[in-house]
Amino acid sequence: MTATAGSGWLDDLRRELAGEVVDAGSPAYDEARRVWNGMIDRRPLAIVRALSTADIGPVLHFAREHGLPLAVRGGGHNVAGNGTVDDGIVLDIAALKEVKVDPNGTTVTAQPGVILGDLDRATEPAGLIVPAGVVSGTGLFGLTLGGGFGWLTRAYGLTIDSMLAAEVMTASGDHVRTSGTEDADLFWGLRGGGGATSAWSRRSPMRRSAWGRRCSRAT
Ligand SMILES: Cc1cc2nc3c(=O)[nH]c(=O)nc-3n(C[C@H](O)[C@H](O)[C@H](O)COP(=O)(O)OP(=O)(O)OC[C@H]3O[C@@H](n4cnc5c(N)ncnc54)[C@H](O)[C@@H]3O)c2cc1C
């Protein structure tokens, strides 16, 4: 199919989603396509603002069916603009921001739109910290896919050193859990794959990840 903005071809996708589909005809388009690096000026066919993790699968399916490039945008801080794409679909997961600190206080589970400030706000009351970056607006997952370094790296290691597991939606729509013992090759690829292997990140949006003990106590 030829994808033409304004032809109603996005309506099937709209019907499947709780979230909003913003295309070039929408007044929100310019704001929705913006990323942190103002020099990046890409024009996606549509930006899908996911409202729940259930929105992720249909977007991957739609992009695959129509042969469209897909970019996943978390915090939007990637300087090279890997969180957006010309003439394709941007899956904007910024609204998926739940953070859970487990009752024993040693692990944290985060949804894919979490930025560093969200994480710190959730862990600080429990006296916990995940070693990550230095700017609160950076996306946790984009940072983690690149390794993740910051003020606490010398004391506690990179962010990837603390990642215990991740739930991944693959390009084919499979939902898999990966860790050091489950689908370990995928886990290895996530830990530091970053922009250099953007195929990983674009094809495999992480839905949740858990971080644990080694990143835990702030003293
Ligand atoms: C002001 C600023 C300060 C920074 N400080 C630090 C720092 O202190 N330490 C550090 O290590 N890095 C730092 N960085 C670099 C930053 O970690 C990377 O640019 C990172 O890619 C940003 O992630 P993001 O989610 O904000 O960006 P995005 O542009 O949204 O995403 C970056 C990449 O990750 C992918 N991605 C994001 N979320 C997901 C997801 N849930 N599932 C699948 N793929 C996903 C995107 O598709 C894209 O390829 C900084 C960058 C900026 C601009």
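A: Gladly, and we can start at the ligand. A residue counts as near a molecule if its C-beta atom, placed from the backbone, lies within 6 Å of it. Here 34 residues surround the ligand, and the closest are Gly75, Gly83, Gly133, Gly139 and Gly142. Keep in mind that this is a predicted model: local features need pLDDT of at least 70, side-chain atom pairs count only at pLDDT 80 or more, and totals for chains, interfaces and linings use all residues. Residues are numbered from 1 along each chain as its sequence is written.

Q: Which helices and strands each supply at least two residues of the shell around the ligand?
A: Helices (H or I, at least four residues) and strands (E, at least two) are DSSP runs, numbered from the N terminus. Strand S3 (70-73), helix H5 (140-145) and helix H9 (198-203) each give at least two residues to the shell. H5 provides the largest share, four residues.

Q: What kinds of residues make up the shell around the ligand, and which domains do they come from?
A: Ala, Val, Leu, Ile, Met, Phe, Trp, Tyr, Cys and Pro count as nonpolar, Asp, Glu, Lys and Arg as charged, and the others, Gly among them, as polar. The shell divides into 15 nonpolar, 17 polar and two charged residues. Domain bounds come from an automatic or database domain assignment. Domain 1 (11-92) and domain 2 (99-215) each contribute at least three residues to the shell.

Q: In what order do the strands of the open sheet of four strands lie?
A: Two strands pair if DSSP finds at least two bridges between them. The order in this open sheet is S1-S2-S4-S3, with mixed pairing. Strand S1 (20-23) and S3 are at the edges with a single partner strand each, so one side of each has no neighbour in the sheet. On average, neighbouring strands of this sheet are turned by 20° against each other, direction ignored.

Q: Which pairs in the sheet are parallel and which antiparallel?
A: S1 and S2 are antiparallel over four bridges, and glutamate 20 stands opposite arginine 49 in S2. S2 and S4 run parallel, joined by four bridges, with isoleucine 47 opposite valine 90 in S4. S3 and strand S4 (residues 89-92) also run parallel, with four bridges; there alanine 71 faces valine 90.

Q: Are the residues on the two faces of S2 buried or exposed?
A: A residue is buried if 20 or more other C-beta atoms lie within 10 Å of its own, exposed if 12 or fewer, and partly exposed in between, with C-beta atoms placed from the backbone. Ala46 and Val48 on one side of S2, and Ile47 and Arg49 on the other, are all buried. Across the protein chain, buried residues make up 44% of the 219 residues.

Q: What does the hairpin of S7 and S8 look like?
A: Strand S7 (residues 163-169) and strand S8 (residues 175-179) pair in the antiparallel sense over five bridges. Five residues lie between the strands, and glycine 173 takes a positive phi near 95°.

Q: Where is alanine 171, and how far is it from arginine 64 in space?
A: Alanine 171 sits in the loop between S7 and S8. Because it has 16 other C-beta atoms within 10 Å, alanine 171 is partly exposed. Alanine 171 and arginine 64 are 107 residues apart in sequence, yet 8.0 Å apart in space, C-alpha to C-alpha.

Key:
Axes are lines fitted to C-alpha atoms, for helices over the stretch in contact, and angles run from 0 to 180 degrees between N-to-C directions.
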